[in-house]
Amino acid sequence: MADYRASGILLHITSLPCRYGIGDFGPAAYEFADFLVRADQKLWQSLPLVPVGHGYSPYSSPSTFAINPLLISPDLLLENGLLEDRDLDSLPLLPTSQVDFAEVISYKSRLLRAAHARFEAADPAEMRDAFSAFCARESGWLNDYALFMTIRARFDDVPWTEWPEELRDRDANALRNASAELADKVEQHRFWQFIASDQWARLRGYCNDRDIRVVGDIPIYVAHDSADVWAHPDLFQLDADGEPTVVAGVPPDYFSKTGQRWGNPIYRWDIMEERGYEWWTRRLQSVLQQVDVVRLDHFRGFEAYWEVPATEPTAIKGRWAKGPGPDLFETLRRRLGSMPIIAEDLGLITQEVVELMQRYGFPGMAVLQFAFDNDADDKFLPHNFHRNLVAYSGTHDNDTVHGWYRSDLSTQDEQQVAQARRFCRDYLNISTGNEPDLHWRFIRALAMSVADSVVFPLQDVLGLGTEARMNVPGEATGNWSWRFEPGALTEVVAETLRRITVNCGRG
């Protein structure tokens, strides 16, 4: 990912503090970038910026190309005249440590509608021209997305497979009629994407100007109830009614004894290949216009993927099927040139997956939390790292370092738990009673390693417990809502992280 030693922080935009109940692209994001500068961090990694879907997950989105409108900053809308102070008079009392998605969606949707109405009334020439240029440039996905979101809202957000048949099956006359009848609502969605794209581009530019590289994230699969599948059903394994015949997941692993049945439809890789992987090319190109580096989630699925019959309630009765392998990446390299990709290679990894990563020089991932259930040969221990690697204390799917240490450490056997904790203390040179320092020991061990890039969730930099966990894989609700409190990014935290960074040659 980098040809120099660097470190950074994993923090999703929604976790930033602000008065609107959810982190956004506004002042707090710029303040966090300034914190990264003070702490001498060169990487800001985020989760997917896409609209949230089932369970408010950014990994189950109604669009792989769109940006979540909830990330639009009302403060920046005030600055450019699209909102006025009176629009914010009825700001509800919202929690500061969690995102109350239902309340946030209700409140911010009203603000976004007001911003669009003011744009339509004022019709500022310069912004109108920029909006028109954006719509033309992004028409390949934007029109389908805007129409999809509008129709879905009209039918109370039921899945597209439950829409009237002519809309479900994209009858040309039905789509024309819907576009004309719902034109105002469709235009709103286009406008919100324009504003979100502009605000994000300015924030990313601010980061880049301060030598901070932004790391994004692409889930390998897309949600079934999405504009992507509705607009391109022939690219997915669906039946005549648009329902998946097989779904994605992973077999039983560290996170789940029954595997993970994600439920996403699986690609028709044969059709993708026939069309020169055009859809995947546009997808990767789109995200690389938004970020500097992208993590490909579940990279293993490009070599071979776990396919589960849609009728199965768990992922146990699946099978391995062959993925596109180097054919896809040869096409992407030929069309896009440089591919600044991190391959998420956690879990069951075969030699074929390793060879695919090595062929294109993609760095893999190491998670220190996974290292202590084994012995000194474990590949996730820092002394076993290699340079072309991105190492983490944990990811968005892990507990925090302190939460992990206090939990069962992935096993229910008391003796194994005790042994893993003892190994962790010995390896990191922590005496019993000094565990409050555990997160800094994790960070220092990773920073001292040979890995070119190391990344720490902000929760670990702040030394927080399980209450700050972002996601529990397999749990459908209660995730993605954590936010850090205003004032948490103290000068003591910045200076401690800066000194570790500089002393380990990453400054």
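Figure 1. At 4% relative accessibility, F362 falls in the buried class, as the cut-off for burial is under 20% relative accessible area. The structure shown is a predicted model. The ring of F362 pairs with that of F299, with 5.9 Å between the centres and 85 degrees between the planes, an edge-to-face arrangement. F299 is likewise buried, its relative accessible area being 0%. F299 belongs to the loop between β6 (293-296) and β7 (304-309), and F362 to the loop between α13 (351-360) and β10 (364-367), so the contact ties together parts that are 63 residues apart in sequence.

**Figure 2. The aromatic pair of F131 and F194.** Across the whole structure, a search finds 47 aromatic pairs. In the pair of F131 and F194, the ring centres are 5.5 Å apart and the planes meet at 50 degrees, so the geometry is classed as tilted. Distant parts of the chain are linked by this pair: F131 lies in helix α4 (residues 125-137) and F194 in helix α8, 63 residues apart. F131 is buried, with 2% relative accessibility. F194 also counts as buried, at a relative accessible area of 9%.

**Figure 3. Arginine R170 over the ring of W230.** The charged end of R170 is placed over the ring of W230. Its distance from the centre of that ring is 4.4 Å.

**Figure 4. Arginine R283 over the ring of W280.** In this view, the ring of W280 has the charged end of R283 over it. The charged end of R283 is 4.8 Å from the ring centre.

**Figure 5. The second largest pocket and its lining.** This pocket holds about 730 Å³ of space. Its lining consists of 24 residues, and those nearest the pocket centre are I105, S109, M149, D157 and H189. Two or more lining residues come from each of the elements α3 (101-122), α5 (139-154) and α8 (183-209). The most is given by α5, which supplies six residues to the lining.

Figure 6. Sorted by class, the residues that line the second largest pocket comprise 12 nonpolar, seven polar and five charged ones. Among the residues nearest the centre of the pocket are D157 and H189. Helix α8, one of the elements that give two or more residues to this lining, also carries F194 of the tilted pair with F131.

Notes
Residues are numbered from 1 along each chain as its sequence is written. This is a predicted model: local features need pLDDT of at least 70, side-chain atom pairs count only at pLDDT 80 or more; totals for chains, interfaces and linings use all residues. Side-chain values use heavy atoms; hydrogens and water are left out. On a 1 Å grid over the protein atoms alone, a cavity is a set of points where a 1.4 Å probe fits but cannot get out, and a pocket is an open set with protein on both sides within 12 Å along at least five of seven lines; lining residues have an atom within 4 Å of a point. Grid points are joined across faces, edges and corners, and a volume is the space filled by probe spheres set on the points. Helices (H or I, at least four residues) and strands (E, at least two) are DSSP runs, numbered from the N terminus. Ala, Val, Leu, Ile, Met, Phe, Trp, Tyr, Cys and Pro count as nonpolar, Asp, Glu, Lys and Arg as charged, and the others, Gly among them, as polar. Rings of Phe, Tyr and Trp (its six-membered ring) pair if their centres lie within 6.5 Å; planes under 30 degrees apart count as stacked, over 60 as edge-to-face and the rest as tilted. Buried means under 20% relative accessible area, exposed over 50%, partly exposed in between (1.4 Å probe, protein chains only). A charge sits over a ring if NZ of Lys or CZ of Arg is within 6 Å of the ring centre and within 35 degrees of the ring normal.
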